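Please read the following report alongside the sequence and the coordinates.

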Amino acid sequence: VTHSIPACIGSMTINSKQLDDESPVSIFAVNKCYVTAQDGTFFDGSGFAALVREGYKVRSDVNITLEFRTTAVHGILLGVSSAKVDAIGLEIVNGKVLFHVNNGAGRITATYEPRGTNTLCDGKWHKLQANKSKHRISLIIDGNLVQTDNPYIQSTSADTNNPIYVGGYPADVKQNCLTSKSSFHGCLRNLVLTKGQQAELFDFSRAFDLRGVLPHSCPGAEH
């Protein structure tokens with residue numbers, strides 16, 4: 001076995017002597033155990049998860065679904081870019097959810113604005129669906145649909161070739177469809193990207209780069 005166990009370990013004794021796990025000599029990718037844990041992936045607000053090392057090709061159509069839980073009013077959810085301008089991006093800015101798409105002709109944005117600033121940032125789970133179908137884009141948050149007009153109807157394909165960055169991105173990476181640099185602080189689960197009939201559920205523990213991310217559990221809901 002060459003990988004770690006996604007679990008909590010406590011009260012370990014060796015030769016009847018209890019180990020002190022409060023002050024270890026060294027520590028790597030280990031966090032405290034939560035009294036109440038939920039399924040999902042915890043982002044501590046400092047980093048990101050990088051998926052699909054060889055690059056994800058958005059092209060003409062993609063449907064993104066995920067669930068998020070946060071108390072922060074700013075945070076990057078997801079970005080896929082290219083070396084040119086083509087890109088897509090999902091982010092929370094001032095408590096609003098923004099879905100940006102650039103098919104090469106210019107960036108367009110669908111914005112979901114809740115009634116209250118903290119409505120989406122209340123520490124409860126919210127469902128998000130972002131859909132790009134050629135030049136059309138839409139955003140559905142908790143069943144509420146937002147669509148936006150796209151003046152660039154001839155431009156239909158986002159020719160991306162970079163990894164999918166979730167929750168943030170490295171400082172040396174360009175993201176053409178994200179306005180924020182704030183890493184996401186909270187929990188994500190059930191990230192699925194669908195193209196046509198092919199749906200892909202992303203397991204964060206398989207990310208090729210994880211920084212400030214605990215892939216297997218979220219602390220229980222904040223009170």
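The report below moves from the annotated span to individual contacts.

This is a predicted model, in which local features need pLDDT of at least 70 and side-chain atom pairs count only at pLDDT 80 or more, while totals for chains, interfaces and linings use all residues. Residues are numbered from 1 along each chain as its sequence is written, and side-chain values use heavy atoms, with hydrogens and water left out.

**Annotated span**

According to an unreviewed UniProt entry, residues 38-218 carry the annotation "domain: Laminin G"; such annotations may be inferred rather than shown by experiment, and their positions are given here in the numbering used for this model. The end C-alpha atoms of that span lie 5 Å apart, and the span is 0% helix and 51% strand, where helices (H or I, at least four residues) and strands (E, at least two) are DSSP runs numbered from the N terminus.

**Two buried loop residues**

Thr160 is placed in the loop between strand 12 (144-148) and strand 13 (164-166). With a relative accessible area of 3%, Thr160 is buried; buried means under 20% relative accessible area, exposed over 50%, and partly exposed in between, with a 1.4 Å probe and protein chains only. Not counting residues up to four places away in sequence, Thr160 touches Tyr56, Lys57, Val58, Val80, Ser81, Ser82, Asp86 and Ala87, contact meaning heavy atoms within 4.5 Å. A polar atom of the Thr160 side chain lies 3.0 Å from the backbone nitrogen of Val58.

Tyr169 lies in the loop between strand 13 and strand 14 (185-195) and counts as buried at 15% relative accessibility. Its contacts, leaving aside neighbours within four places in sequence, are with Phe48, Ile76, Gln175, Leu178, Ser180 and Lys181. The side chains of Tyr169 and Lys181 make a polar contact at 3.4 Å; this term covers a pair of N or O atoms within 3.5 Å, where within protein one must be able to donate a hydrogen and the other to accept it, and residues adjacent in sequence count only if both atoms are side-chain atoms.

**Salt bridges**

A salt bridge is a side-chain nitrogen of Lys or Arg within 4 Å of a carboxyl oxygen of Asp or Glu, and by this rule the count comes to four.

| Pair | N to O distance |
|---|---|
| Arg189 and Glu67 | 3.0 Å |
| Lys96 and Glu113 | 3.9 Å |
| Asp203 and Arg206 | 3.7 Å |

How far apart in sequence are the parts that Arg189 and Glu67 tie together? Arg189 and Glu67 form a salt bridge, and because Arg189 lies in strand 14 and Glu67 in strand 5 (residues 61-70), the pair ties together parts that are 122 residues apart in sequence. Arg189 is partly exposed at 23% relative accessibility, whereas Glu67 is buried at 12%.

For the salt bridge between Lys96 and Glu113, the linked parts are strand 8 (residues 96-102), which holds Lys96, and the loop between strand 9 (107-112) and strand 10 (126-133), which holds Glu113, 17 residues apart. Lys96 is partly exposed at 27% relative accessibility, and Glu113 is exposed at 55%. In the remaining tabulated pair, Asp203 is partly exposed at 36% and Arg206 is exposed at 71%.
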